[in-house]
Amino acid sequence: MNRTLLMPSLSASLFYKEVDKLRPIPFDKVFQFQRFNSLCKGFVRLARFSDVRNRTHSFDLEKGSGRRWTVERDLQQLKQSATNEFEVVRVVGKNPFLWHDHWPVKDYAKVFECMVVVDEISREADKVVTRIRQGGGDNRIRTGLVPFVAVHMRIEIDWMIHCKKLEQRLKVSEICSSKREIMERVGNISGLKTPTVLYLAVADSLLDEKDEESSVLNGWRDGLVPYEKKKLGVKEEVYGKYSYLIQSAIDYEVCLRADVFVGNSFSTFSSLIVLERTQKMRRLGFVSSCEDGENEWRSYAYNLAGESKGVPRRWMTNMTHSSLEAISYGSSSVSCSSE
C-alpha cells in the first residue's frame, strides 16, 4: 500500500483495577522511534500523529468477525476501500488487526529486531542484571560477575485460572505447571555449574502465598541460589517507579540477557523471548540446541517434558513456520531446532 503506520499507543496496565495507570503510553516511551525506522527501512515505517495534516478527515476501514480474513482478502479490501484521497486509513472493528496467519515467523522476527527499548529501560535492566550477576551479595557466590538462569515463573493467580481453563478447552495437561514441577525441571538442566544464580521473573503481587513455606524462594535444590525482585533489592528501587507495562519491559530485557532462559511455551512473554534468543543463536551459526553442551542463549520450556525424566524440553522458535499461531497462542509442539 506504500503507507506509513501511525505510531501506536500501549496500555500502561493489564489490570482493570489500576484505573490511575490505564492511560495509554506512547510507543516512543518504550521503544526508540528513530532507531525503529532506521532498522526497518524498506520494510515498515512509523510516523507520529503530529505529522498528519488533516486529522479529522480519515477513512474508517471496518474489520470484524464472520469472514475468513486471508492475506489476499485483506489486501483486496484495502486496495478497494483506501483511495489516495484519504491521508489516514483507520482500521476499526471487533478485530482491527491482521490475523496471526498473515505473518510468517521470519517477518515477525524482523520487526522485533527493529524494536529497541529506550535508554531509560535499558539502564534499569542493566542495574538488575548487574545485581543478579553479582549474586546479590550472597557469600555462597564467588566474587566477580557470574552467569545466571532466568525463570519466567508463571504460577500467579491470574495465570493459574487462565491455564486451567485453557487445558480444559484444549483437552491437554501440559500448560499449567506447579511450583514443585518448575523447581524439579529447572534443577535437572544439564551443564549448570554450582552455585548457580536464578532470577525468578514473577509478578509477586499476584502470588497466592498463605505462609512463608510457600515462597518461591524456598524448595530449590542445593546449588541453586534464587532471587526475586524483593530479595535482590530492586523491587522499589527499580520496578516500583513504573507502571506494569514498563516493569514487564524491564523483566523482558533481563530475561533476554540471561545465559539460560526457562519459560512456559503457552506464555506469549516467554515465546517472544525465545524468538529473540533463537535469532541471536542463529546469528552465531547455531540452528539447533539439540546437542548437549553449554550453547550460548539456551532456552527451555518447563511445562513440557524433555528427552529424559524430570528435565524441561529444549526450546528454539521454528523460523520456517508460515503462521504466528504458536507464538501468539502457545503450543506444545516445541523442539530444539529452529528449522
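Biologist: Why does lysine 127 count as partly exposed?

Modeller: Happy to start there, and please keep in mind that this is a predicted model. Lysine 127 has a relative accessibility of 39%. Buried means under 20% and exposed means over 50%, with partly exposed in between, so lysine 127 counts as partly exposed.

Biologist: What makes glutamate 124 buried?

Modeller: The relative accessible area of glutamate 124 is 4%. The cut-off for buried is under 20%, so glutamate 124 is called buried.

Biologist: How do you know that glutamate 124 forms a salt bridge with lysine 127?

Modeller: The closest N and O atoms of glutamate 124 and lysine 127 are 3.1 Å apart. A salt bridge needs a side-chain nitrogen of Lys or Arg within 4 Å of a carboxyl oxygen of Asp or Glu, so the pair qualifies. Both residues sit in helix H4 (residues 119-133), three residues apart, which is about one turn of the helix.

Biologist: How many salt bridges does a search of the whole structure find?

Modeller: The search gives 14 salt bridges. Another one joins arginine 154 and glutamate 156, with 2.5 Å from N to O. Arginine 154 is buried at a relative accessible area of 16%, and glutamate 156 is buried at 2%. As for networks, salt bridges with shared partners link Glu124, Lys127 and Lys241 into one.

Biologist: Is arginine 133 buried or exposed, and what about aspartate 259?

Modeller: Arginine 133 has 17% relative accessibility and counts as buried, since the limit is under 20%. Aspartate 259, at 31%, counts as partly exposed.

Biologist: Why is H4 called oblique to H8?

Modeller: H4 and H8 pack at an angle of about 55°, and their axes are 9 Å apart. That angle makes H4 oblique to H8, because roughly parallel needs an angle under 35 degrees and roughly perpendicular needs 65 to 115. The crossing of H4 and H8 is right-handed.

Biologist: Which residues of H4 and H8 meet?

Modeller: From H4 come Ile121, Glu124, Ala125, Val128, Val129 and Ile132, and from H8 come Ile246, Ala249, Ile250, Glu253 and Val254. Sorted by class, this contact has nine nonpolar, no polar and two charged residues.

Biologist: Which residues are buried in helix H3 (residues 105-114), and what covers them?

Modeller: Val105, Ala109, Val111, Phe112 and Cys114 are buried in H3. Their cover includes helix H1 (33-39), H8, H9 and helix H10 (325-329).

Biologist: How do you know that threonine 278 is buried?

Modeller: Threonine 278 belongs to helix H9 and has a relative accessible area of 1%. Buried means under 20%, so the label holds. Leaving aside residues up to four places away in sequence, threonine 278 touches Met316, Thr317, Met319 and Ser338.

Biologist: Why is lysine 193 called exposed?

Modeller: Lysine 193 has a relative accessible area of 53%, and exposed means over 50%, so the name applies. Lysine 193 is placed in the loop between helix H6 (179-187) and strand S8 (196-201).

Biologist: And how much of the protein is made up of buried residues?

Modeller: Buried residues make up 43% of the 339 residues. The protein has 10 helices and 12 strands.

Notes
Residues numbered from 1 in each chain as written. Predicted model: local features only at pLDDT ≥ 70, side-chain atom pairs only at ≥ 80, totals over all residues. Heavy atoms only, no water. Helix = DSSP H or I, 4+ residues; strand = E, 2+ residues; numbered from the N terminus. Buried < 20%, exposed > 50% of the residue type's maximum accessible area, 1.4 Å probe, protein only. Axes fitted to C-alpha atoms, helices over the stretch in contact; angles between N-to-C directions. Parallel < 35°, antiparallel > 145°, perpendicular 65-115°, else oblique. Left-handed = near helix turned anticlockwise from the far one by under 90°. Contact = heavy atoms within 4.5 Å. Nonpolar A, V, L, I, M, F, W, Y, C, P; charged D, E, K, R; others polar.
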